[in-house]
Amino acid sequence: PASLNRPEPRPGVMAVDLYVPGKSGRPGPGKVYKLSSNETPLGPSPAAVAALHDATTKLETYPDGQATVLRTAIGKRFGLDPARIVCGAGSDELLSLLAYAYCGPGAEGIYSEHGFLVYRIAILASGGTPVVAPERDLTADVDAILARVTERTRIVYVTNPNNPTGTYLPFDEIRRLHAALPPHVLLVIDGAYAEYVKANDYTAGLELALEAENVVMTRTFSKIYGLAAVRIGWMLAPAHVADAVNRIRGPFNMSSLAIAAGAAAIADEGHMAAAAAHNAEWLPKLTEGARALGLTVTPSVANFVLIHFPDEPGRSAADADAFLTERGLITRRVTAYGLPNALRVTVAGAEANEAFLAALGDFVRGAR
Ligand code: PMP
């Protein structure tokens with residue numbers, strides 16, 4: 001060991017950069033609008049809140065370690081076998097458990113250049129080596145991913161739609177990637193934003209996870225279901241993958257509150273449809289509003305947009321961030337994702353969206 005004077009983490013651990021969440025506010029008085037964490041402005045289903053409250057009457061009892069009620073509700077909603085569903089404390093937990101189970105020392109995990117930071121953290125934490133595939137037009141590039149597959153590759157993460165770019169891979173491309181991967185490589189399709197996609201060449205990936213022995217799709221209740229605080233994620237996996245992850249997860253990783261709230265949320269299809277409709281109305285308005293100001297906006301299918309700023313003093317993303325924050329508009333800088341000249345902006349409520357577009361206009365005009 002490097003030091004005998006104190007415990008040393010095993011190799012890889014200290015190579016992990018701490019995940020820094022987006023700002024959630026700013027000091028000082030005045031109204032604050034949070035457009036930084038891709039949360040839904042509609043909040044959770046009232047039925048989910050009621051179920052969560054009901055669950056607080058039994059806090060002294062352990063939850064069901066199999067989260068049966070939740071897996072059954074998810075299975076019913078999507079027509080899936082609950083035995084192939086595993087739930088996690090947010091999809092973050094599942095993304096990590098998959099790396100712990102399938103990557104590890106001597107193995108490599110691949111993800112895309114502007115992919116979600118948790119993949120790198122999970123691969124390193126497993127003791128494995130992260131391998132980054134460049135993107136094309138801010139979109140995952142199947143050929144670049146395949147070019148990085150070696151005999152040590154064990155896991156490939158693809159976010160679809162991608163965060164923070166909002167772009168997606170058509171299903172044909174996902175199929176092409178899967179067809180060319182060696183069968184021992186686990187393909188993880190992270191569908192955190194799947195419910196927002198309207199494009200008809202996108203299918204959720206559940207289809208592929210149902211038929212292939214090496215494909216998993218992860219989903220979350222943190223976005224369209226508005227339950228980020230409760231930490232609920234799930235995945236559809238082949239039985240042998242579900243078995244492996246069930247062995248290494250915490251035996252009671254889902255609280256009773258999470259199980260109850262998730263089951264009620266997924267049954268409330270009307271609430272989800274309302275959240276999707278709100279997004280469908282505002283995503284183009286935010287995109288076109290920023291474009292009308294002369295800014296470049298990456299076409300998004302998710303509940304956020306990536307807005308690009310000129311790399312010039314006074315007009316940069318850092319300047320825009322400072323200006324907007326001063327106005328109480330909190331957006332996400334994405335420098336840690338390799339995008340120093342862009343801001344990621346969540347589709348928020350009508351008032352917040354309008355306040356954002358107005359402030360963005362003031363910034364662009366004032367900065368010129
Ligand atoms: N995947 C992607 C692409 C995300 O953007 C997020 C949330 N930031 C997650 C997974 C994790 O979400 P959660 O752990 O809340 O389910």
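## Basis and confidence

UniProt positions are given in the numbering used here, feature names are shortened, and annotations may be inferred rather than shown by experiment. Residues count from 1 along each chain as its sequence is written. The model is predicted: local features need pLDDT of at least 70, side-chain atom pairs count only at pLDDT 80 or more, and totals for chains, interfaces and linings use all residues.

Mean pLDDT for the protein is 95, and 99% of the residues score at least 70. pLDDT is the predictor's confidence in each residue, from 0 to 100. The ipTM is 0.99 and the pTM 0.96.

## Annotated domain

An unreviewed UniProt entry places "domain: Aminotransferase class I/classII large" at residues 31–353. That stretch is 38% helix and 18% strand. Its end C-alpha atoms lie 13 Å apart. Helices (H or I, at least four residues) and strands (E, at least two) are DSSP runs, numbered from the N terminus.

## Seven-stranded sheet

An open sheet of 7 strands runs in the order β2-β8-β7-β6-β5-β3-β4, with mixed pairing. Two strands pair if DSSP finds at least two bridges between them. β2 (85–88) and β4 (129–133) are the edges; each has a single partner strand, so one side of each lacks a neighbour in the sheet. Neighbouring strands are turned by 20° against each other on average, direction ignored.

β2 and β8 (residues 233–236) run antiparallel, joined by 4 bridges. Cysteine 87 has tryptophan 234 in β8 as its bridge partner. Helix α6 (residues 171–180) packs on the sheet and touches β5, β6 (186–190) and β7 (215–220). Its direction makes about 160° with that of β6. Contact means C-beta atoms, placed from the backbone, within 7 Å. Axes are lines fitted to C-alpha atoms, for helices over the stretch in contact; angles run from 0 to 180 degrees between N-to-C directions.

## Ligand shell

Residues around the ligand include Gly90, Ser91, Asp92, Phe116, Asn163, Asp190 and Gly233. A residue qualifies if its C-beta atom, placed from the backbone, lies within 6 Å. The shell divides into 3 nonpolar, 7 polar and 2 charged residues. Ala, Val, Leu, Ile, Met, Phe, Trp, Tyr, Cys and Pro count as nonpolar, Asp, Glu, Lys and Arg as charged, and the others, Gly among them, as polar.

## Four-stranded sheet

A second open sheet has 4 strands in the order β9-β10-β13-β12, paired antiparallel. β9 (296–298) and β12 (332–334) are its edge strands, each pairing on one side only. The twist averages 35° from one strand to the next.

Technical notes
Two residues are in contact if their C-beta atoms, placed from the backbone, lie within 7 Å.
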